[in-house]
Amino acid sequence: MASRVPRILRTLRNGFCGRCPACGRGKLFESWNQLRDECVICKFPLVNLQENTWAFMYLSTAGLTGSLVVAMFLLTPSDVKVGRFVVFLVAILGIAGTLPYRKGIAIAIEYLVELRWGGGEHGGGEGDEPESHGPRD
Ligand SMILES: [Zn+2]
């Protein structure tokens, strides 16, 4: 079924917006950063995707931290205390504040990887069509 074939950008957008990568309607998180066990709409087992998101989360955190360090080298505040406060604020908002968005993208990437190359309990194997979730028709 052609409508069930995920498009990469749509799936990544769903993850960024905190929606299920499989159906795009159910919410990923129960609370701010608490992933649901499964999608309330299509019953896709979301918690299984969480296992392999550490690499993306680590790399995105390192990238944000590195960007902050580079910005600290390039910018010279007129008042050091104000500069420290701004660095603290940007670090909290940039790293912790983006956590659910980055985790949603990581879940979407893992969904796409499992769909394409997984073939496991929630992947579709060689094909592009999900096999093991959603209503059969
Ligand atoms: Zn869903």
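Which residues is Ala-108 in contact with, leaving aside its neighbours within four places in sequence? I started my notebook with this question, and since the model is a predicted one, I keep to what can be looked up in it.

**Entry 1: Ala-108 and its surroundings**

I found that Ala-108, once its neighbours within four places in sequence are set aside, is in contact with Thr-11, Leu-12, Asn-14, Gly-15 and Pro-21. I then looked for Ala-108 in the largest nonpolar core, which has 15 residues, and there Ala-108 is listed with Cys-20, Leu-46, Ile-107 and Tyr-111 as the residues that touch the most other members.

**Entry 2: the overall layout**

I next stepped back to the whole protein, where I counted four helices and zero strands, and I noted that the elements run α-α-α-α from the N terminus on. Of the 137 residues of the protein, 23% count as buried.

**Entry 3: H1 against H4**

I turned to the pair formed by helix H1, residues 8-16, and helix H4, residues 99-118, whose axes come within 7 Å and cross at roughly 145°. The crossing in which H1 passes H4 is right-handed. On the H1 side I wrote down Ile-8, Thr-11, Leu-12, Asn-14, Gly-15 and Phe-16 as the residues that make the contact, while on the H4 side they are Tyr-101, Gly-104, Ile-105, Ile-107, Ala-108, Tyr-111 and Leu-112. Sorted by class, this contact of H1 with H4 has nine nonpolar, four polar and no charged residues.

**Entry 4: H2 and H3**

I compared the span of each of these helices with the expected one. Helix H2, residues 54-74, has 21 residues and reaches 30 Å from its first C-alpha to its last, close to the 30 Å expected at 1.5 Å a residue. Helix H3, residues 80-96, has 17 residues and reaches 23 Å between its first and last C-alpha, close to the 24 Å expected. I then asked how many of the 21 residues of H2 are buried. The number is zero, so H2 lies largely in the open. For H3, the number buried among its 17 residues is also zero, so this helix too lies largely in the open.

**Entry 5: Leu-64 in H2**

I picked Leu-64, which is found in helix H2, and saw that it is partly exposed, with 17 other C-beta atoms within 10 Å. Not counting residues up to four places away in sequence, Leu-64 touches Gly-94 and Ile-95. Its C-alpha atom is separated by 10.0 Å from that of Thr-98, which is 34 residues apart from Leu-64 along the chain.

Apart from residues up to four places away in sequence, Arg-102 touches Met-57 and Ser-60. I also looked up Cys-17, which is 85 residues apart from Arg-102 in sequence and 9.9 Å apart in space, C-alpha to C-alpha.

**Entry 6: Lys-43**

My last stop was Lys-43, whose place is in the loop between H1 and H2. Lys-43 has a positive phi of about 65° although it is not a glycine, and with 16 other C-beta atoms within 10 Å Lys-43 is partly exposed.

Note on methods
Residues numbered from 1 in each chain as written. Predicted model: local features only at pLDDT ≥ 70, side-chain atom pairs only at ≥ 80, totals over all residues. Helix = DSSP H or I, 4+ residues; strand = E, 2+ residues; numbered from the N terminus. Expected span 1.5 Å × (residues − 1). Buried ≥ 20, exposed ≤ 12 C-beta atoms within 10 Å, placed from the backbone. Axes fitted to C-alpha atoms, helices over the stretch in contact; angles between N-to-C directions. Left-handed = near helix turned anticlockwise from the far one by under 90°. Contact = placed C-beta atoms within 7 Å. Nonpolar A, V, L, I, M, F, W, Y, C, P; charged D, E, K, R; others polar. Core = buried A, V, L, I, M, F, W, Y, C linked by C-beta atoms within 7 Å.
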